[in-house]
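Me: I have a structure open here and would like to talk it through. Could you take my questions as they come?
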Amino acid sequence: MNSKIVSIKDFSFYYGQNKCLKNISLDIAAREVTSIIGPSGCGKSTLLRCFNRMNDLIPNTRVEGTIHIDEKNIYAADVDVVDLRRKVGMVFQRPNPFPKSIFENVAYGLRINGVKNKEFIADKIEKGLINAGLWNEVKDRLRDNALRLSGGQQQRLCVARALAIEPEVVLMDEPASALDPIATAKLEELIVELKKKYTIVIVTHNMQQAARISDITVFLMQGELIERGKTSEIFTRPSKKITEEYITGRFG
Amino acid sequence: MNLSKRSQKKFFEQFFGFGFLRLCMLAIIVILVIIFYDIISKSWGVISWEFLTQLPRKGMTEGGILPTIVGTVLVTIITAVLSVPLGMGCAIYLNEYAKVNKLTRLIRISIRNLSGVPSIVYGLFGVALFVEMMHLGTCILSSGLTLGLMTLPWTITASEEALKGVPMSYREGSLALGATQWQTIRTNVLPYAIPGMLTGTILGLARAAGETAPILFTGAAFSLPGLPKSLFDQFMAMPYHLYIMSTQHHAIVKVRPIAYGTALVLVSIVFLMNLSAIILRYHLRKARQE
């Protein structure tokens, strides 16, 4: 029913001589939540960080195969990585607000993209914070340093920061791993809400979380894509034995 | 019984352990106090407004040390003009842009080693490069540039450490929002590294201000009738003046108070520079946390 926005074909990622991702092929549909699960070190974060080429920052790495986003191969020679990252936002494992005011954190993406209009910025910030479910908590103290927020609020601020420049895809790398259960619940509600407008790919360690929030689940192990399917099916009748063993907690 | 014995043993270990560390600290404080007491007590008589604002008179046996203060300040300014932008730029390139490979590792090691090269070597290099090859002659400019070269490894290393202190997540967060690398550095790395960069730089400059060897052959003069009129004039400098007054002067006992006075002024200027580094860092850090 949904058109695919990300299309990965025969994609491999090397760290030095080590092949971390092995010939992965995968489509990701627009306006759905796709979760990537798998044991530690299986390459799920590496895969996620290929979608906005954050792995470019790591020396001594190379890729094979293609990732198309909006039908454009993001690893093609003529691709502007800066443009790509504007289109593919990211929320990191640990909340990483900048040591600036709450306002300036959300405004950052707009300012570096050359937006000067103050009303426009203020409007975007309000919308971003509302979308991230943070507006009511911070509207009276937008000038406070973002580092004074709680961990959960910081993470939702990072979501607001990513949303302010209106990306098409939002990547989340274990966004709740540093949060307490209540903050996690809020973040999960937010993710479900966000899929109305955005395509979301989330890496998570927490299988219940994947089951609760995602439409599609992808299971990776040792750099290989083992299974991809509707979340309801993966968690009730996985087609591979090893997937069943992982989600029932027999290893990992 | 056994337990109390063990806790008694721990108590003594702790007592002597801390005692030893305290002693180390005390020894350093005692040495510092002795030096300061010696300088201050022997220079107290000569320190006055006139001492700071007048030219030397009667073969430097009377009068003030104004030319040496002016000379040292001017040379330090030239030093800063050369080493601050160049050092910070080099550090930014090394830490943010340069790939980690054998070449950059070699460059880093060389820079660290340069900071250990004796200052007299820099002095001779300064003569060869600035005075002779570039025909600048012995002057403020040559000395300042020589000291600038000497300070560069310090500035680079301090700036690089400050940049390393900025968490990787600030850079990643900014890049992930579609910032270019330069935008990221300018808006999300430098603001948080500048306090540390400035502190390290000022400490380097303070050290340069007290150096004698690099200015000895490149521009510092024994005695001059007036203040320098341009950067291409020779100059008098506090550390060199101090050296002359305590070893070369014809009336060495008579000018001893002047030598001590010079020492006090020099130490005070260095102290003030270090203090300003601390105050600057404090204010920049505070501004960042608001």
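Me: Leaving aside its neighbours within four places in sequence, which residues is B:Pro239 in contact with?
Reply: This is a predicted model, and in it B:Pro239 is in contact with B:Gly210, B:Glu211, B:Thr212 and B:Leu266, once neighbours within four places in sequence are set aside.

Me: And where does B:Pro239 lie?
Reply: B:Pro239 lies in helix α10 of chain B, which covers residues 238-248.

Me: What separates the C-alpha atoms of B:Pro239 and B:Ile69?
Reply: The C-alpha atoms of B:Pro239 and B:Ile69 are separated by 9.8 Å, while the two residues are 170 residues apart along the chain.

Me: Let's step back to chain B as a whole. How many helices and strands does chain B have?
Reply: The secondary structure of chain B comes to 11 helices and 2 strands, and along the sequence these elements follow the pattern α-α-β-β-α-α-α-α-α-α-α-α-α.

Me: Is chain B spread out or compact?
Reply: Chain B is more spread out than a compact globule, because its radius of gyration is 24 Å, well over the 19 Å that the globule rule gives for 290 residues. Taken along the principal axes, the box filled by the C-alpha atoms of chain B is roughly 70 × 65 × 40 Å.

Me: What share of the chain B residues count as buried?
Reply: Of the 290 residues in chain B, 39% count as buried. As for contacts in chain B between residues at least 6 apart in sequence, 77% of them join residues at least 24 apart.

Me: Now helix packing. At roughly what angle do the axes of α6(B) and α8 of chain B cross?
Reply: The axes of α6(B) and helix α8 of chain B, residues 181-209, cross at roughly 150 degrees and come within 8 Å. Angles over 145 degrees count as roughly antiparallel, and α6(B) and α8(B) are therefore described as roughly antiparallel to each other. The crossing in which α6(B) passes α8(B) is right-handed.

Me: Which residues of α6(B) and α8(B) meet there?
Reply: From α6(B), the residues include B:Leu147, B:Met150, B:Trp154 and B:Ala158, and those they meet in α8(B) include B:Val189, B:Ala193, B:Gly196 and B:Gly200. By class, the residues of the contact of α6(B) with α8(B) divide into 11 nonpolar, 7 polar and 1 charged.

Me: What about B:Ser115, which residues does it touch?
Reply: Not counting residues up to four places away in sequence, B:Ser115 touches B:Pro153, B:Trp154 and B:Thr157. B:Ser115 itself lies in the loop between α4 (102-114) and α5 of chain B, and counts as partly exposed with 15 C-beta neighbours inside 10 Å. Between B:Ser115 and B:Gly137 there are 26 Å in space, C-alpha to C-alpha, and the two are 22 residues apart in sequence.

Me: I also noticed B:His135. What is its phi?
Reply: B:His135 has a positive phi of about 55 degrees although it is not a glycine. B:His135 is found in the loop between α5 (119-133) and α6 (140-164) of chain B, and is exposed, with 7 other C-beta atoms within 10 Å.

Me: Over to chain A, then. What is phi for A:Asp10?
Reply: Phi of A:Asp10 is near 45 degrees, again a positive value in a residue other than glycine. A:Asp10 is found in strand β1 of chain A, residues 4-15, and counts as exposed, with 11 C-beta neighbours inside 10 Å.

Me: How do α3(A) and α4(A) lie to each other, roughly perpendicular or roughly parallel?
Reply: The axes of α3(A) and helix α4 of chain A, residues 118-131, come within 9 Å and cross at roughly 110 degrees, and the two helices are therefore roughly perpendicular to each other. Residues making the contact include A:Phe103 and A:Leu110 of α3(A) and A:Ile121 and A:Leu129 of α4(A).

Me: Last one: how many residues of chain A are in contact with chain B?
Reply: 20 residues of chain A are in contact with 19 residues of chain B. On the side of chain A that touches chain B, α2 (81-87), β6 (88-91) and α3 (102-112) each supply at least two residues, and the residues of that side divide into 10 nonpolar, 6 polar and 4 charged.

Key. Residues are numbered from 1 along each chain as its sequence is written. Chains are lettered from A and ligands numbered from 1 in the order in which they are written. This is a predicted model: local features need pLDDT of at least 70, side-chain atom pairs count only at pLDDT 80 or more; totals for chains, interfaces and linings use all residues. Two residues are in contact if their C-beta atoms, placed from the backbone, lie within 7 Å. Helices (H or I, at least four residues) and strands (E, at least two) are DSSP runs, numbered from the N terminus. Ala, Val, Leu, Ile, Met, Phe, Trp, Tyr, Cys and Pro count as nonpolar, Asp, Glu, Lys and Arg as charged, and the others, Gly among them, as polar. Axes are lines fitted to C-alpha atoms, for helices over the stretch in contact, and angles run from 0 to 180 degrees between N-to-C directions. Angles under 35 degrees count as roughly parallel, over 145 as roughly antiparallel, 65 to 115 as roughly perpendicular and the rest as oblique. The radius of gyration is taken over C-alpha atoms; the globule rule is 2.2 Å times the number of residues to the power 0.38. A residue is buried if 20 or more other C-beta atoms lie within 10 Å of its own, exposed if 12 or fewer, and partly exposed in between; C-beta atoms are placed from the backbone. A crossing is left-handed if the near helix is turned anticlockwise from the far one by less than a right angle, and right-handed if clockwise.
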